[in-house]
Amino acid sequence: MGEITEFFDREQAGGRELYPLLPLRDIVIFPHMVAPLFVGRPKSINALEGAMEKDKIVFLATQKDPKVDEPENADIYEIGSLGQVIQMLKLPDGTVKVLVEGKGRGKIHAFVRREECLYVEVEVLAEPQDETTAEAEALMRSIREAFENYVNLNKKVPPETVASLSGIADAGRLADTIIAHLNVRISDKQEILALLDPLLRLEHLLMMIERELEILQIEKKIRSRVKSQMERSQKEYYLNEQMRAIQKELGEKDEFKQEIRSLEEKIQKKGMSKEATEKALGELRKLKMMSPMSAEATVVRNYIDWLVSLPWKSATRARLDIDYAETILEADHFGLERVKERILEYLAVQAMVKKIRGPILCLVGPPGVGKTSLGRSIAKSMGRKFVRISLGGMRDEAEIRGHRRTYIGAMPGKVILSMRKAGVRNPVFLLDEIDKMSTDFRGDPSAALLEVLDPEQNSTFADHFLDIEYDLSNVLFIATANTLYSIPRPLQDRMEIIRIEGYTEEEKLNIAKRYLVPKQMEAHGLPGEQVHFSDSALYEVIRRYTREAGVRSLEREIANILRKIARELVKSKEKGRRFTVNAQQVKKYLGVQRFSYGLREEEDRVGLGIGLAWTEVGGELLTIEVTVLPGQGKLTVTGKLGDVMRESAQAALSYVRSRWQELDLEKDFYNKIDIHIHVPEGAIPKDGPSAGITMATALASALTGRKVFRDLAMTGEITLRGRVLAIGGLKEKLLAAKRAGITRVLIPKDNEKNLEEVPPQILKALEVIPVAHMDEVLAEALAPATPLGSGEEKRREIPVGPEEPVHH
């Protein structure tokens, strides 16, 4: 390419002409070729407009790299074509569509860069005169024949093009026309454009066509081969479908065979027990001989699937870090020291020995104290997986042991089902609400649990569906219950009972501050510092709006307050506003107080004793009223009392009758009166022996006219000889006494050892007096008798009717 030495004007070109340059991408324009072009570059559009203003001639040269937007001199081929603009049309998107026709070859000698566009100094290249020789004729015939073959193979070139070539007698024009239709590289086309000798051009072109023909022949062979393969594949597919249809009729499918092979591999790799492996392989042999569509095959396949899906060897590597476990348990639950201590002991023993049978714990306590969530925390602290099944309302033994495979739709019981869900053979397994199971004609699920929860037997647990032994000895079983009396004794004997008592007010306060308030604030979309509950507010909620051993109602009431605060924030549109909740605002948010706190009698009364009762939701005060009426010795007991409590009333009356002298009564006093014992809140069922001494005290008070101290409560079972026997639920009863404002409590002497389990703050607030005999109870409970005046009868007259109306 000639160097640029100076700028030329067309008038100064000296035999060369100056033309606007239109750089082309991915196309070479040959003489006599008409082609549409789409032009979008501003300088190229300016070049076309400049040509239209003069003689409509532009120089068409191809870029070496079509990706270059601003081509330099070295980026453009020096041989190009002079083209005449036939038509130019501006499009709405700013581009230009132009139709150009090649007029002749030219060579660039210099580039002239101007502001509007690029000009080039072009030397018009004249082609040699075409001499019709035998060689030229032979070349032209060969070219036409080769091109016709090319068109037949290519299918992209219109057939009319071959017909149009017959009218071209000029060798150079023939070569230029054919090369424009060949699908070759731009560099090959540019090579043909640069050749001026027509014969040489034809020779190169023939070589190119022959090369293309060879490539097209290979492509045709490949297409033919692919087509034949596709036809063969389609044929095979059609035949395979026919084979499948035949096999379906015969009951022998390839998929069925593959499934059997897959099951066999799973059995070999699963690492099952010897018994399970033999059983699975035996069932697999049966399956091979069955029709895959038969109902029995489905049952066998389902059985094998269950066997290979159970965890036989896979286990979680237990974390034996006692400090970590203690941190997790303390972070998740407040109090519950005995349970935490037992779990840490288990981890310590497991760290000392290689294998230890998992303990079977039973957490017994009122609702809402955290028994279920504690199971989750235990699993987390040990690094084990956690599974839970609810036993509440379960009445079918098959739900534990599964159904035998003879039944339609049979499946394993919930124990095996949960083991598959866990995926490991040593999870923490929570049996929730174990005291809520019942029995009917389908069996007793609690009896089925005897094997599951027996450390000596559960290593060979047999599910009816599996019909083989499965090892449950690595599982840590935790059961939860609200009461023990509904759990059969043999089942209780297999579990380690851990009682979770109700929370004290101080414990509830700590739980609310540490866990419940932050949890509910997050649930209600309130930032941590936006709402502050004072201690007085939380005490107000605990005392006046909840009456429970746990904290479920407390959490609900906290959520109730936060909902109202959230509503105020949204309504006022002051999302950054801070709230401090005190006792007065609790009344505003929660309304009328639901429970009375610190309720006790305002003064000492005759025939009114205060006992202490245990319920599923904690301890309660039990008021016992006795009224003496004129009559013939009839005893009436009311208040929806159970048999045990009625018998306690009879025993209390018998004791009082036996002590007629000590109580300064007439020997046959009971023949002249009727006695009515009533326990208020008559809609609530009541039972148990622990109200015996309270009934005896109220009877003695009503018969002697001596008042019972209002600040005293008592609990204990009475015998006919007046002995005071031990009771249960001491902690809950003392909590109830403190909550009601009682200052002195009489408890059985045998329960004195249980005071160690009572929180120190409770013992500090109460004067606990252990008693062994009913005489001690009367000495502590009854006010001194009023001295008799002179001349009165020796024996005191029994007061008839209540001293005055008693209000509760």
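Mentor: Let us begin with the positive surface patch, which is formed by Arg563, Lys564, Arg567 and Lys571. This is a predicted model, in which local features need pLDDT of at least 70 and side-chain atom pairs count only at pLDDT 80 or more, while totals for chains, interfaces and linings use all residues. Residues are numbered from 1 along each chain as its sequence is written, and side-chain values use heavy atoms, with hydrogens and water left out.

Trainee: What makes a group of residues a patch?

Mentor: Patch members have over 30% relative accessible area and no salt bridge; like charges are joined within 9 Å, and nonpolar side chains (Val, Leu, Ile, Met, Phe, Trp, Tyr) within 5 Å. Lys and Arg count as positive and Asp and Glu as negative, whereas His and the chain ends are not counted. Each charge is placed at NZ of Lys, CZ of Arg, CG of Asp or CD of Glu. The areas come from the Shrake-Rupley method with a 1.4 Å probe, and for residues only the protein chains shown count as cover.

Trainee: Where is arginine 563 found, and is arginine 563 buried or partly exposed?

Mentor: Arginine 563 is in helix H19 (residues 552-572); helices (H or I, at least four residues) and strands (E, at least two) are DSSP runs, numbered from the N terminus. The relative accessible area of arginine 563 is 45%, so this residue is partly exposed. Buried means under 20%, exposed over 50%, and partly exposed in between (1.4 Å probe, protein chains only).

Trainee: Which residues gather in the patch of negative charge?

Mentor: They are Asp321, Asp323, Glu326, Glu337, Glu341 and Glu345. Glutamate 341 is placed in helix H11 and is partly exposed, at 47% relative accessibility.

Trainee: How many salt bridges does the structure hold?

Mentor: The general idea is that side chains of opposite charge can pair when their charged atoms come close. A salt bridge is a side-chain nitrogen of Lys or Arg within 4 Å of a carboxyl oxygen of Asp or Glu. The structure holds 26 of them. In one, the side chains of arginine 25 and aspartate 69 meet at 3.1 Å, N to O. Arginine 25 lies in the loop between E1 and E2, and aspartate 69 in the loop between E3 and strand E4 (79-90), so the pair ties together parts that are 44 residues apart in sequence.

Trainee: What is the partner of arginine 113 in a salt bridge?

Mentor: The partner is glutamate 72, with the closest N and O atoms 3.7 Å apart. Because arginine 113 belongs to strand E5 (residues 96-113) and glutamate 72 to the loop between E3 and E4, this pair ties together parts that are 41 residues apart in sequence. Arginine 113 is partly exposed at 39%, and glutamate 72 is partly exposed at 49%.

Trainee: With which residue does glutamate 496 form a salt bridge?

Mentor: Glutamate 496 pairs with arginine 342, the closest N and O atoms being 2.7 Å apart. Glutamate 496 lies in strand E13 (residues 496-499) and arginine 342 in helix H11 (residues 337-352), so parts that are 154 residues apart in sequence are tied together. Glutamate 496 is partly exposed, at 32%, whereas arginine 342 is buried, at 19%. Elsewhere, salt bridges that share partners join Arg105, Asp176 and Arg201 into one network.

Trainee: How many residues of strand E12 are buried?

Mentor: In a regular strand the side chains alternate between the two faces of the sheet. In E12 (residues 476-481), 6 of the 6 residues are buried. Leu476, Ile478 and Thr480 point one way, and Phe477, Ala479 and Ala481 the other.

Trainee: Which strand do 5 bridges join to E12?

Mentor: Two strands pair if DSSP finds at least two bridges between them. Strand E7 (residues 360-364) runs parallel to E12, joined by 5 bridges, and leucine 363 stands opposite threonine 480. Strand E9 (residues 428-432) is also parallel to E12, with 4 bridges; here leucine 431 stands opposite alanine 479.
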